[in-house]
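The following explanation leads through selected local features of a predicted model. Please keep the sequence and the structure in view while reading.

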Amino acid sequence: LEVARAGDYEFELRRWPREADAAIAAGLPEYRHADGVFPAGVALPVVQARLRIADFTQAHTVAPTDKAVTFSVQLGAGRTQLQTSFVDATGESLCGAYYVYVRRK
């Protein structure tokens, strides 16, 4: 990840895009569109979201109805690594966030 300007950033982690309006742990039905078919998405037992970027590491609890989890991070300019994960009750990583929306505050 290339941070163009140092500052405060907001990272919104989602499993589904905003327009799907679906909970992180929820499954979604198959979706047909002009370019083909998105297969059905299965429900996952997500209880926590984790974000790691630069020297920042944090986790937040995910409620069954949460559609996104937001982290506020102060970053310096330059290249860095971004890692996200959705985790189950045993601490096992189920998947990364499929959608990450970033906003400079």
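Glu30 lies in the loop between strand 2 (7-14) and strand 3 (31-33), strands being DSSP runs (E, at least two residues) numbered from the N terminus. With a relative accessibility of 44%, Glu30 is partly exposed (buried is under 20% relative accessible area, exposed over 50%, partly exposed in between, with a 1.4 Å probe and protein chains only). Beyond its neighbours within four places in sequence, Glu30 is in contact (heavy atoms within 4.5 Å) with Val37, Phe38, Pro39 and Ala40.

Thr80 occupies the loop between strand 8 (78-79) and strand 9 (82-87). Thr80 is buried, at 18% relative accessible area. Its side chain reaches the backbone nitrogen of Ala54 at 3.1 Å. Residues up to four places away in sequence aside, Thr80 touches Leu1, Val3, Ile53 and Ala54.

By class, the lining of the largest pocket comprises 11 nonpolar, 1 polar and 3 charged residues (Ala, Val, Leu, Ile, Met, Phe, Trp, Tyr, Cys and Pro count as nonpolar, Asp, Glu, Lys and Arg as charged, and the others, Gly among them, as polar).

Residues are numbered from 1 along each chain as its sequence is written. Local features need pLDDT of at least 70, side-chain atom pairs count only at pLDDT 80 or more, totals for chains, interfaces and linings use all residues, and side-chain values use heavy atoms, with hydrogens and water left out.

Terms used:
Helix = DSSP H or I, 4+ residues; strand = E, 2+ residues; numbered from the N terminus. Polar contact = N/O pair within 3.5 Å; in protein donor to acceptor, adjacent residues only side chain to side chain.
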